[in-house]
Amino acid sequence: MIGRVVRVLSDRFAVDIGDRVVFVKSRKKIKRADNPLAGDLVYLTQDGEYVLAGIEPRKHRLIRPPVANVDQMIVTLAPLPDPDFFTVDKMLLGAHKEGVRTVLCVNKTDMLPDGFLARVHAQYTGVADEIVCACAAQGDTADLQRLLRGRFSCFAGQSAVGKTSLVNAIAGGHRQVGDLSEKTMRGKNTTTGVELIKLAPDTFIADTPGFGALDLQDIRAEELALYYDEYVQLAPQCQYRMCTHIGEPDCAVRKAAASGALDNSRYERYKLLFAQLQQQNAHRKFGRKTYENK
């Protein structure tokens with residue numbers, strides 16, 4: 001029997017098998033070799049009780065949030081807390097790297113300041129596959145629900161942007177939602193693990209813990225521009241074939257950012273991420289050399 005892991009618990013796994021959810025343990029050798037994740041398609045055997053006997057090959061896996069086989073990521077942001085566009089960039093980049101479709105969802109439209117949507121569209125039109133608006137507090141989720149049908153979608157974003165509120169509005173229920181810290185005006189985590197919710201036989205959504213930081217593994221700084229489609233389109237116009245768009249002369253990307261043809265704030269964050277990856281890659285290389293010398 002094949003089922004889908006909908007939640008990872010401390011000592012077992014909740015698995016959807018079509019008409020119900022069963023709670024199973026895994027064979028120790030399976031768990032040691034490759035921990036099952038929410039979203040995994042798994043094989044179950046039954047000998048008195050169900051046992052997780054194997055995992056189907058994954059299409060992909062995301063490190064943060066830890067989930068497998070996602071069809072699309074719903075990157076959620078809101079006017080409050082103040083959006084961390086650097087983290088949004090990294091979420092979109094991580095999804096793009098794994099071939100996961102992306103939807104940028106602007107929640108809390110009842111409190112949008114002037115120019116907020118224009119600012120979002122200037123940065124992400126043509127970057128995210130879709131940009132939609134929603135207001136969980138008012139039950140306005142129709143545009144978002146249209147994009148969920150027939151897919152396994154994972155919500156991601158900072159704490160308190162309203163991911164769980166959107167899930168409650170779409171799926172029903174009263175899952176605990178986060179609020180803003182009065183002192184820091186930052187979100188507080190209430191979701192502690194990934195949970196899949198079945199909306200239809202072919203439609204799942206996942207609520208995930210909020211986070212304000214995201215590390216990108218296995219991306220070298222000089223490869224970063226390959227995950228920015230708008231930069232890939234301009235790259236043939238650069239003087240150097242392997243232009244990093246950082247300091248090379250006659251760079252089409254830098255010219256476009258300076259002229260406003262590309263969003264300059266997103267380009268400035270690209271430079272910051274490039275520098276971070278350079279440092280990260282250097283530390284990793286230095287660490288390997290130190291270990292080899294020992």
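## Close-up views of a predicted model

**View 1. Arg4 and the ring of Phe204.** The charged end of Arg4 sits over the Phe204 ring, at 5.1 Å from the ring centre. A charge sits over a ring if NZ of Lys or CZ of Arg is within 6 Å of the ring centre and within 35 degrees of the ring normal. The model is predicted: local features need pLDDT of at least 70, side-chain atom pairs count only at pLDDT 80 or more, and totals for chains, interfaces and linings use all residues. Residues are numbered from 1 along each chain as its sequence is written, and side-chain values use heavy atoms, with hydrogens and water left out.

**View 2. The protein chain as a whole.** The chain has 8 helices and 13 strands; helices (H or I, at least four residues) and strands (E, at least two) are DSSP runs, numbered from the N terminus. Of its 294 residues, 46% are buried. Buried means under 20% relative accessible area, exposed over 50%, and partly exposed in between (1.4 Å probe, protein chains only). The accessible surface comes to about 15,400 Å², and 48% of this belongs to carbon and sulfur atoms; areas come from the Shrake-Rupley method with a 1.4 Å probe, and for residues only the protein chains shown count as cover. Among contacts (heavy atoms within 4.5 Å) between residues at least 6 apart in sequence, 64% join residues at least 24 apart.

**View 3. Helix α3 and its two faces.** In α3 (residues 116-124), the buried residues are Phe116, Val120, Gln123 and Tyr124. Seen down the axis of α3, they fall within an arc of 80°, so they line one face of the helix. The arc is that of the directions from the helix axis to the C-beta atoms. Ala118 and Ala122 are exposed on the face turned away from the buried side. Just after α3, Gly126 has a positive phi of about 85°.

View 4. Ala252, Val253, Ala256 and Ala257 are buried in α7 (residues 252-259). Down the axis of α7, these buried residues fall within an arc of 135°, so they line one face of the helix. Lys255, Ala258 and Ser259 are exposed on the other side. Gly260 follows α7 and has a positive phi, near 95°.

**View 5. Aromatic pairs around Tyr270.** Rings of Phe, Tyr and Trp (its six-membered ring) pair if their centres lie within 6.5 Å; planes under 30 degrees apart count as stacked, over 60 as edge-to-face and the rest as tilted. By this rule there are 7 aromatic pairs. Tyr228 and Tyr270 form an edge-to-face pair, 5.1 Å centre to centre with 75° between the planes. The pair links distant parts of the chain, 42 residues apart: Tyr228 is in the loop between β13 (203-207) and α6 (229-234), and Tyr270 is in helix α8 (residues 264-293). Tyr228 counts as buried at 2% relative accessibility, and Tyr270 is buried at 0%. Tyr267 and Tyr270 form a stacked pair, 6.1 Å centre to centre with 25° between the planes. Both lie in α8, 3 residues apart, about one turn of the helix. Ring pairs link Tyr228, Tyr231, Tyr267, Tyr270 and Phe274 into a cluster.

**View 6. Surroundings of Leu93.** Leu93 lies in helix α2 (residues 85-97) and is buried, with a relative accessible area of 2%. Leaving aside neighbours within four places in sequence, Leu93 is in contact with Leu216, Ile219, Leu224, Tyr227, Tyr228 and Leu273. Leu93 and Tyr227 are 134 residues apart in sequence and 6.3 Å apart in space, C-alpha to C-alpha.
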